[in-house]
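Dear colleague,

Please find below the structure that I am handing over to you.

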Amino acid sequence: MASHPQKDPGLAKRIIPCLDVKDGMTVKGTNFINLRQAGDPVELGQAYSNAGADELVFLDITASIEGRKTFTDMVTRVARKINIPFTVGGGINELEDVERLLYAGADKVSVNSAAIHNPRLIDEITGKFGSQVCVCAIDARLDDTGWHCYMKGGREKTKLSLFEWAKEAQDRGAGEILFTSMNHDGVKAGFAYDALAQLSDELSIPVIASGGAGKMEDFHDAFTLGKADAALAASVFHFGKIKIPELKKFLRNKGINVRL
């Protein structure tokens with residue numbers, strides 16, 4: 001079992017644009033469907049880096065064998081262009097996948113379905129590369145019986161509870177939890193604050209909020225009500241609704257510690 005230091009409340013809160021990549025282009029959907037194009041991921045990544053994003057996440061949402069080469073080439077191009085940490089995910093099933101993406105220049109990898117299938121994958125990644133490299137992404141939906149984890153891009157419900165699985169991922173060595181609320185994804189009506197706060201209270205590793213950003217106040221609420229360590233969003237950034245420098249000034253004015 002990995003031991004984690006307690007979270008440092010003084011750490012700056014992070015703003016993380018997320019780029020879903022399909023066939024080499026950035027796309028964005030609502031509730032995981034209805035995709036539309038949003039531009040070249042390398043150019044977008046560079047623009048976000050220049051605008052003051054703290055980190056980036058690139059997800060290969062069609063991680064078929066053909067798609068992998070395109071995505072790995074993109075990771076290499078991103079690494080040449082940006083100087084902030086970036087995480088890659090999608091189709092990571094074994095250590096070889098992690099090795100290939102880190103070698104291409106990624107700083108961290110995000111595992112989701114593969115880790116649910118084979119939880120030991122988290123132990124293997126962190127054992128070889130360290131906890132800081134492993135982000136455990138969890139897609140969960142709230143229904144009458146609570147928060148349940150989903151696999152395969154939100155298509156397949158599992159018996160796992162969000163909170164139990166997040167705790168197990170932490171115990172196996174994951175360095176961060178990236179929690180996406182499927183109920184809130186793309187709806188732009190705010191994050192899942194109650195679930196975020198519960199995760200933040202129960203875990204000692206950072207929690208990244210994902211799913212639901214629609215306006216600047218939603219980020220503020222993610223950090224205050226949701227106690228999140230970072231907030232991730234896609235469409236509000238891609239389609240220019242929220243500009244990162246303005247968002248950070250807004251948060252700083254509200255007393256949130258962000259890097260300007």
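**Strand β5 and its partners**

In strand β6, Lys108 is the residue that stands opposite Thr87. The chain reaches β6 from β5 by way of helix α3, and this β-α-β crossover is right-handed. Please note that the model is a predicted one.

Strand β5 covers residues 86-89, and strand β6 covers residues 108-111. The two run parallel and are joined by 3 bridges. Strand β4, residues 56-60, also runs parallel to β5, and 4 bridges join these two. Leu59 stands opposite Gly89 of β5.

Which way do the residues of β5 point? Phe86 and Val88 point one way, Thr87 and Gly89 point the other way, and all are buried.

Thr87 has a relative accessibility of 3% and therefore counts as buried, the cut-off being under 20%. Leaving aside neighbours within four places in sequence, the residues in contact with Thr87 include Glu55, Leu56, Val57 and Phe58, as well as Lys108, Val109, Ser110 and Val135.

Leu56, which lies in β4, is one of these contacts of Thr87. Leu56 is buried, because its relative accessible area is 0%. Beyond its neighbours within four places in sequence, Leu56 is in contact with Ile16, Pro17, Leu19, Gly45, Tyr48, Ile82, Ile84, Pro85, Phe86 and Thr87. The C-alpha atoms of Leu56 and Lys81 are separated by 12 Å, and these two residues are 25 places apart along the chain.

An α-helix has 3.6 residues a turn, so residues three or four places apart point the same way. Gly105 follows α3 and has a positive phi, near 125 degrees.

Strand β11 comprises residues 207-210. Val207 and Ala209 point one way from this strand, Ile208 and Ser210 point the other way, and all are buried.

Strand β10, residues 176-181, pairs with β11 in the parallel sense over 4 bridges. Within this pair, Thr180 stands opposite Ser210. Helix α7, residues 193-202, makes a right-handed β-α-β unit together with β10 and β11.

Strand β12, residues 230-233, runs parallel to β11 and is joined to β11 by 3 bridges. Here Ala209 stands opposite Ala231. A right-handed β-α-β unit is also made by β11, helix α8 (residues 216-224) and β12.

**Helices α6 and α7**

How do these two helices meet? The axes of α6 (residues 162-171) and α7 come within 11 Å and cross at roughly 35 degrees. The crossing in which α6 passes α7 is right-handed. On the α6 side, the residues that meet α7 are Leu162, Phe163, Ala166 and Lys167. Their counterparts in α7 are Ala195, Gln198, Leu199 and Glu202.

**Nonpolar cores**

The largest nonpolar core has 75 residues. Within this core, the residues with the most contacts are Phe58, Phe179, Phe219 and Phe237. A second, separate core has 9 residues, which include Cys18, Val57, Val135 and Leu232.

Which residues does Phe179 touch? Not counting residues up to four places away in sequence, Phe179 touches Ile138, Ala140, Trp147, Leu162, Ala192, Ala195, Leu196, Leu199, Ile208, Ala209 and Ser210. Among these, Ile208, Ala209 and Ser210 belong to β11, while Leu162 is a residue of α6 that meets α7.

**Two residues with positive phi**

Asp23 has a phi near 55 degrees, a positive value in a residue other than glycine. Asp23 lies in the loop between β1 (14-22) and β2 (25-30). Is Asp23 buried or exposed? Asp23 is exposed, because its relative accessible area is 60% and the cut-off is over 50%.

Lys227 also has a positive phi near 55 degrees and is a residue other than glycine. This residue is found in the loop between α8 and β12. Lys227 is partly exposed, because its relative accessible area is 37%.

Yours sincerely

Note on methods: Residues numbered from 1 in each chain as written. Predicted model: local features only at pLDDT ≥ 70, side-chain atom pairs only at ≥ 80, totals over all residues. Heavy atoms only, no water. Buried < 20%, exposed > 50% of the residue type's maximum accessible area, 1.4 Å probe, protein only. Pairing = 2+ DSSP bridges. Right-handed = clockwise from strand over helix to strand, strands pointing away. Core = buried A, V, L, I, M, F, W, Y, C linked by side-chain atoms within 4.5 Å. Contact = heavy atoms within 4.5 Å. Axes fitted to C-alpha atoms, helices over the stretch in contact; angles between N-to-C directions. Left-handed = near helix turned anticlockwise from the far one by under 90°.
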